[in-house]
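Here's a quick briefing on one protein chain. Have a look at the sequence and the 3D view, then work through the points below.

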Amino acid sequence: MSEVVEFAPGGYRYVRGPFQYSAGVAAMSGFALERVRLLNPMPLTESYAFAESWLKQAGRPTTAFCACELRSPEPFDDAGFISFNREYVETLERWGIFKDDDNPVARSNVCPEQLKPAEPSMHAFTYTVPVAEGGRDFLIAGSGEAREAPGLYSERIVRLGETDPGAMTEKARFVLGAMEQRMALLGYAWQDVSATQVYTVHDPFPFFADEIVSRGAAQHALSWFYARPPVVGLDYEMDVRSVSTERLAR
């Protein structure tokens, strides 16, 4: 996961990842990112239609769609996650984005511990817009504490089944490192981040100062979502971004 590819039809670059998502996106020169947060998460099929209509009204092609943030009812097992992801990419394929198991779209997908959606839903989406200069916006996909390698998640999760402060610190350190690696591939670092989001049902306080604040990951505050990562066994996830324009869709 180290190849940066240009997706010219969308106006952005991306870090190539597994078939279900890219590891992060960055606006190409002449483009910026706009993020739309839905006040209430919308079921996936409905939200895809909403996003397509939004893009049309904004004068943007569907290929401008570059990131989304999802909410699911419960964490998936490995087989369920693969099945969900295959359904998820069908619309992206129809939109001219996903092809040959290569997916430019960055993504986070987490499971709220309270107020759970009835079905997989969309919380936010991001797309590119043309601007005079641009080229500085980026968004890094969510990452949990699992190593990028073939095999089951249970074989790749850092400190699987452990949630004591020491284990959670190690998990957070791993994920922070993944954020740094993905940003570096696109030419960015913590000082460029405008928003950081953390997803866990475990107390982040034991590592908040030494691991998050000390790196500059919370320089513009941090949003903590009381939610679990999307796969059984994962306990900590993050994503980061620097997006010029953010809108709320009611």
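Let's start with strand E12, which spans residues 237-242 and is mostly covered, with 6 of its 6 residues buried. Keep in mind that you're looking at a predicted model.

- Which residues of E12 point which way? Glu237, Asp239 and Arg241 point to one side, while Met238, Val240 and Ser242 point to the other.
- Both sets end up hidden, as all of these residues are buried.

**Who pairs with E12**

- Strand E8 (residues 138-144) runs antiparallel to E12, and 5 bridges join the two.
- You can find two of the facing pairs yourself: Ile140 sits opposite Val240 in E12, and Leu139 sits opposite Arg241 in E12.
- Strand E9 (residues 195-199) is also antiparallel to E12, again with 5 bridges between them.
- On that side, look for Gln197, which stands opposite Asp239 in E12.

**A closer look at E8**

- How many of the residues of E8 are buried? The count is 7 of its 7 residues, so E8 is mostly covered.
- E8 also pairs with strand E3 (residues 24-27), in the antiparallel sense and over 3 bridges.
- Gly24 stands opposite Ile140 in E8, and Ile140 also stands opposite Val240 in E12.

**An open sheet of 6 strands**

- Another thing to trace is an open sheet of 6 strands, with mixed pairing and the order E11-E6-E5-E7-E4-E13.
- Why do E11 (227-228) and E13 (245-249) count as the edges? Each has a single partner strand, so one side of each has no neighbour in the sheet.
- E11 is joined to strand E6 (residues 106-112) by 2 bridges, and the two run antiparallel.
- One spot to check there is Pro112, whose bridge partner in E11 is Ala227.

- Thr126 belongs to strand E7, which covers residues 121-134.
- Apart from neighbours within four places in sequence, Thr126 is in contact with Leu33, Glu34, Arg35, Ala64, Phe65, Cys66, Ala67 and Leu139.
- That list includes Leu139, the residue that stands opposite Arg241 in E12.
- Glu69 lies in strand E5 (residues 65-71).
- With a relative accessible area of 4%, Glu69 is buried too.
- Not counting residues up to four places away in sequence, Glu69 touches several others, among them Arg35, Ser108, His123, Gln197 and Tyr199.

**A partly exposed residue: Phe50**

- Now hop over to helix H1 (residues 44-57), where you'll find Phe50.
- Phe50 has a relative accessibility of 27%, so it counts as partly exposed.
- Leaving out neighbours within four places in sequence, Phe50 is in contact with Leu38, Met42, Phe125 and Ala249.
- Phe50 and Cys111 are 61 residues apart along the chain, and their C-alpha atoms are separated by 22 Å.

**The chain as a whole**

- Overall, there are 4 helices and 13 strands.
- Why does the chain agree with a compact globule? For 250 residues, such a globule would have a radius of gyration near 18 Å, and the chain has 17 Å.
- Its C-alpha atoms fill a box of roughly 50 × 35 × 35 Å along the principal axes.
- Of the 250 residues, 53% count as buried.
- Take the contacts between residues at least 6 apart in sequence: 81% of them join residues at least 24 apart.
- The chain exposes about 10,900 Å², and carbon and sulfur atoms supply 51% of that.
- As for charge, the chain has 24 positive and 34 negative side chains, with the centres of the two sets 4 Å apart.

Notes
Residues are numbered from 1 along each chain as its sequence is written. This is a predicted model: local features need pLDDT of at least 70, side-chain atom pairs count only at pLDDT 80 or more; totals for chains, interfaces and linings use all residues. Side-chain values use heavy atoms; hydrogens and water are left out. The radius of gyration is taken over C-alpha atoms; the globule rule is 2.2 Å times the number of residues to the power 0.38. Buried means under 20% relative accessible area, exposed over 50%, partly exposed in between (1.4 Å probe, protein chains only). Contact means heavy atoms within 4.5 Å. Accessible areas come from the Shrake-Rupley method with a 1.4 Å probe; for residues, only the protein chains shown count as cover. Lys and Arg count as positive and Asp and Glu as negative; His and the chain ends are not counted. The place of a charge is taken as NZ of Lys, CZ of Arg, CG of Asp or CD of Glu. Two strands pair if DSSP finds at least two bridges between them.
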